[in-house]
Amino acid sequence: MPELKIEVIPEGTVIDHIPAGKWLKVIEILGLTKPNGGTLLIASNVPSKKLGRKDIVKVEGRYLSEEEVNKIALIAPMTTVNIVRDYKIVEKFKVSIPDEITGILRCPNPNCVSNHEYVVPRFKVESREPLKLRCHYCERTIEGDEILGNL
Amino acid sequence: MDWKGRDVISIRDFSKEDIEFVLKVAERLENELKGKGSLDYARGKILATLFFEPSTRTRLSFESAMHRLGGSVIGFSSAASTSVKKGESLADTIKTVEQYSDVIVIRHPMEGAARLAAEVAEIPVINAGDGSNQHPTQTLLDLYTIKRAFGRIDGLTIGLLGDLKYGRTVHSLAEALAFYDVELYLISPELLRMPKHIVEELREKGVKVHETTDLEGAIPELDVLYVTRIQRERFPDEEEYLKVKGSYQVNCRLLKNAKETLKVMHPLPRVDEIHPEVDGSEHALYFRQVFSGVPVRMALLGLTLGVL
Ligand SMILES: Nc1ncnc2c1ncn2[C@@H]1O[C@H](COP(=O)(O)OP(=O)(O)OP(=O)(O)O)[C@@H](O)[C@H]1O
Ligand SMILES: [Mg+2]
Ligand SMILES: [Zn+2]
């Protein structure tokens, strides 16, 4: 019996195994907060075998691509994405950290040009475990809490 | 590698082959220049030097290089005299200036400014220093100086002395030297040691690294001693600073224990970290290093302009 804690959707994307409390950040990063976007069903603090507690976001009528969803890998590395068609899961994948992070993270270096000019911040992923990013502009590396604090 | 139109932003963008190629072209140009007095590869080309932060010698070195290639130069030497003061964005300044020129050299107080300029500009951009980040032409001219003095870089034992923690010059140089088969002595006060991640990177690349606070002990081992300034601001108190300053001054007494062939380098300007009594000795290579800036920058200007 699949855990159907919140409503079933006929078509769309189920974003599962989000760390508890992070659902709002997830929909912000994915740009799902727009008023004219599709219906979102959210379950927060759901008991989970893998995570203890987790959040789930269901996006009705939209199929998110792997590339899109990978943007949340920094805050929700365990996330599973399920594509639902005709009430059934037809595809399932895990998010993975992309080679380059664009747009969602601010550079913590106050003297970095990306904090002063009209540019999209960009980071190269230097290592995944532990996570280490290098700013495309100022070339500083950032790790751990510095990454989470600037999302 | 197609050099025409290429940007020179960070030594990280360079492979060993790129570095070797630039050094070879610089040597060729230096020899041609010696023979002919002046060259005309860049005739009709205009270099724009955008110095948002003053740096007399780097700017003059680039301007001299462009003139010696037969080109001409426009530009400004401080942001105070430009529309930046009126709040113009860097991107707009670059888009404007590139209408007047064929290649841009930029020095800017913010890290990443040269990278951004290169993204905005269609014409090549050369980084002459972006805040505390990169100054790739300095690194290339340092390598060129070493290569000209010894005929090679491989096999040398090189000491980097001074502020190894904050000094971008020594960081880039160390990273570039990691392409070669060198042994490095990192000589600094405890407080100003080379960042751990750079030391690890050097070791991973096979460089034999010695970290020490003892200049006297290291000096007999060295083929090159690269000296950088230690700034007063880095120390919590005056006493500590003076102690360190005293023990790291390069003078004739210290050099008595050095190899006869040891060369002393310094990115200049120096204050008192090298005593002027060293200037007349065979060890002093720092003015030759200044000279190297011109052929190396000629090579980079000529290559990126696609006129060589
Ligand atoms: N039609 C649907 N509408 C809405 N949610 C659905 C639908 N089908 C499945 N889900 C939800 O999608 C998630 C994954 O479902 P699945 O049946 O694959 O569970 P699972 O075996 O626990 O998978 P996993 O190993 O990824 O946890 C669950 O949270 C489930 O409630
Ligand atoms: Mg499950
Ligand atoms: Zn940055």
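How much area do domain 1 of chain B and domain 2 of chain B bury between them? In this predicted model, the two domains bury about 2,100 Å² between them, and 55% of that area lies on carbon and sulfur atoms. Ile11(B), Lys16(B) and Leu23(B) together supply 26% of the area that domain 1 of chain B buries against domain 2 of chain B, which is more than any other three residues supply.

The domain assignment of chain B places residues 11-134 together with 293-305 in domain 1, and residues 137-290 in domain 2. Taken over C-alpha atoms, the centres of these two domains of chain B are separated by 26 Å, and the contact between them takes 31 residues from domain 1 of chain B and 22 residues from domain 2 of chain B.

Charged and polar pairs also cross this interface. The rule finds five salt bridges between domain 1 of chain B and domain 2 of chain B, and Lys147(B) forms a salt bridge with Glu20(B) in which the closest N and O atoms are 3.1 Å apart. The count of residue pairs in polar contact between the two domains of chain B, with both residues at pLDDT 80 or more, is 11.

On the side of domain 1 of chain B that touches domain 2 of chain B, at least two residues each come from α1 (16-36), α2 (56-68), β4 (125-130) and α11 (286-305) of chain B, and α1(B) gives the most, with 10 residues. Sorted by class, that side of domain 1 of chain B has 12 nonpolar, nine polar and 10 charged residues.

Note on methods
Residues numbered from 1 in each chain as written. Chains lettered and ligands numbered in written order. Predicted model: local features only at pLDDT ≥ 70, side-chain atom pairs only at ≥ 80, totals over all residues. Heavy atoms only, no water. Domains from an automatic or database assignment. Contact = heavy atoms within 4.5 Å. Buried area = accessible area lost by both parts, 1.4 Å probe. Salt bridge = Lys/Arg side-chain N within 4 Å of Asp/Glu carboxyl O. Polar contact = N/O pair within 3.5 Å; in protein donor to acceptor, adjacent residues only side chain to side chain. Helix = DSSP H or I, 4+ residues; strand = E, 2+ residues; numbered from the N terminus. Nonpolar A, V, L, I, M, F, W, Y, C, P; charged D, E, K, R; others polar.
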